[in-house]
Amino acid sequence: MPASGRSRRAWGWHPLTDEWAARIVAGAGVRPGQLVLDIGAGRGELTAHLVAAGARVIAVELHPGRARALRERFADAPVTVVQTDALALRLPERPFHVVASPPYGISSPLLDMLLAPRSRLVAADLVLPRAVVRRYTEGRRADAGRGRWILTAGRPLPRRAFRPPPRVDSAVLVVRRR
Ligand SMILES: C[S@@+](CC[C@H](N)C(=O)[O-])C[C@H]1O[C@@H](n2cnc3c(N)ncnc32)[C@H](O)[C@@H]1O
């Protein structure tokens, strides 16, 4: 659906509090100079901490106003803002990391894309619905990245980690190369 035709609900969002955004980035162990994708970057809640950790960031955001605000906020930082549907994104051809709190509605296709055979993904820390994290770490799909990645359930997030709080519980899905 074109951005202009999106419903209010589709644009509904649950930004992380600054405290929790800092925790997610610290937990991801980002190193200076790393290329990191923040997918569904919002107003830059995670992006700001990624920049502080020394990352070069590609901030992907579909909402035109949020993308504009990101460009303004990070005009002097090593941040490239890409206004696009994350699922239409061309992934970098060099090794990259992902630290993101993406829209929950695209969790599965986004993971399929990141874990595709030609992906140069090195590591990802994704804030996702806890049920999705369970499915990828305990269930049938737990071996989705077999041979290449290890998928584990990371830190659970209380609903108060977001403002406004979402209706579902969340957790970090940790993806690491073997
Ligand atoms: C859960 S919010 C996360 C915001 C911020 N990263 C944070 O951690 O607080 C998800 C963001 O993804 C954006 N978004 C929704 N659908 C998208 C899509 N298909 N591709 C890229 N961004 C999308 C929304 O506009 C929103 O800003």
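# Notebook: looking through a predicted model

Reading along the sequence, I noted the pattern α-α-β-α-β-α-β-β-α-β-α-β-β, which amounts to six helices and seven strands in the protein. I am working from a predicted model, and I keep that in mind for every entry below.

**Entry 1: the chain as a whole.** I looked up how much of the protein is buried, and found that buried residues make up 44% of its 178 residues. I then looked at contacts between residues at least 6 apart in sequence, and 65% of these join residues at least 24 apart.

**Entry 2: the largest nonpolar core.** Which residues touch the most other members of the largest nonpolar core? The core has 28 residues, and the ones I wrote down are Ile39, Val98, Leu114, Leu121, Leu126, Leu173 and Val175. Two or more residues of this core come from each of strand 1 (35-39), strand 2 (56-60), strand 4 (96-100), helix 5, strand 5 (121-129), helix 6 (130-138), strand 6 and strand 7. I also found a second, separate core of 26 residues, which includes Ala28, Val30, Val36 and Ala59.

**Entry 3: Leu114.** Is Leu114 buried or exposed? Its relative accessibility is 1%, so I count Leu114 as buried, the cut-off being under 20%. Setting aside residues up to four places away in sequence, I found that Leu114 touches Ile39, Leu91, Phe96, Val98, Ser119, Leu121, Leu126 and Trp149. I also looked up the separation of Leu114 from His97, which is 17 residues away along the chain, and the C-alpha atoms of the two are 10.0 Å apart.

**Entry 4: Leu173.** For Leu173 I again left aside the neighbours within four places in sequence, and the remaining contacts are Leu111, Ala124, Asp125, Leu126, Leu128, Val133, Tyr136, Thr137, Leu151 and Thr152.

**Entry 5: helix 5 against helix 6.** I noted first that two packed helices are described by the angle between their axes and the distance between the axes. For helix 5 and helix 6 the angle is about 40°, and the axes are 11 Å apart. That angle makes helix 5 oblique to helix 6, and the crossing of the two helices is right-handed. Which residues make the contact between helix 5 and helix 6? On the helix 5 side I listed Ser107, Ser108, Leu111 and Asp112, and on the helix 6 side Val132, Arg135 and Tyr136.

**Entry 6: salt bridges.** How many salt bridges are there? The count comes to five, and I looked at some of them in turn.

Arg23 and Glu19 are joined through their side chains in a salt bridge, with 2.7 Å from N to O. The two residues are four apart in helix 2 (residues 18-28), so about one helical turn separates Arg23 from Glu19. Arg23 counts as partly exposed at 31% relative accessibility, and Glu19 is partly exposed as well, with a relative accessible area of 49%.

Arg43 and Glu45 form another salt bridge, with 3.7 Å from N to O. Here I found Arg43 to be partly exposed, at 45% relative accessibility, whereas Glu45 is buried, with a relative accessible area of 17%.

Asp169 and Arg159 meet in a salt bridge too, with 3.0 Å from N to O. I located Asp169 and Arg159, ten residues apart, in the loop between strand 6 (149-157) and strand 7 (170-177). Asp169 counts as partly exposed at 32% relative accessibility, and Arg159 is partly exposed with a relative accessible area of 35%.

**Entry 7: Thr17 and the loop it touches.** I placed Thr17 in the loop between helix 1 (8-11) and helix 2. Thr17 is buried, with a relative accessible area of 8%. Not counting residues up to four places away in sequence, I found that Thr17 touches Arg160, Ala161, Phe162 and Arg163. What kind of peptide bond joins Arg163 and Pro164? The bond is cis, with omega about 0°, and Pro164 lies in the loop between strand 6 and strand 7.

Definitions and conventions:
Residues are numbered from 1 along each chain as its sequence is written. This is a predicted model: local features need pLDDT of at least 70, side-chain atom pairs count only at pLDDT 80 or more; totals for chains, interfaces and linings use all residues. Side-chain values use heavy atoms; hydrogens and water are left out. A salt bridge is a side-chain nitrogen of Lys or Arg within 4 Å of a carboxyl oxygen of Asp or Glu. Buried means under 20% relative accessible area, exposed over 50%, partly exposed in between (1.4 Å probe, protein chains only). Contact means heavy atoms within 4.5 Å. A nonpolar core is a set of buried Ala, Val, Leu, Ile, Met, Phe, Trp, Tyr and Cys residues joined through side-chain atoms within 4.5 Å. Axes are lines fitted to C-alpha atoms, for helices over the stretch in contact, and angles run from 0 to 180 degrees between N-to-C directions. Angles under 35 degrees count as roughly parallel, over 145 as roughly antiparallel, 65 to 115 as roughly perpendicular and the rest as oblique. A crossing is left-handed if the near helix is turned anticlockwise from the far one by less than a right angle, and right-handed if clockwise.
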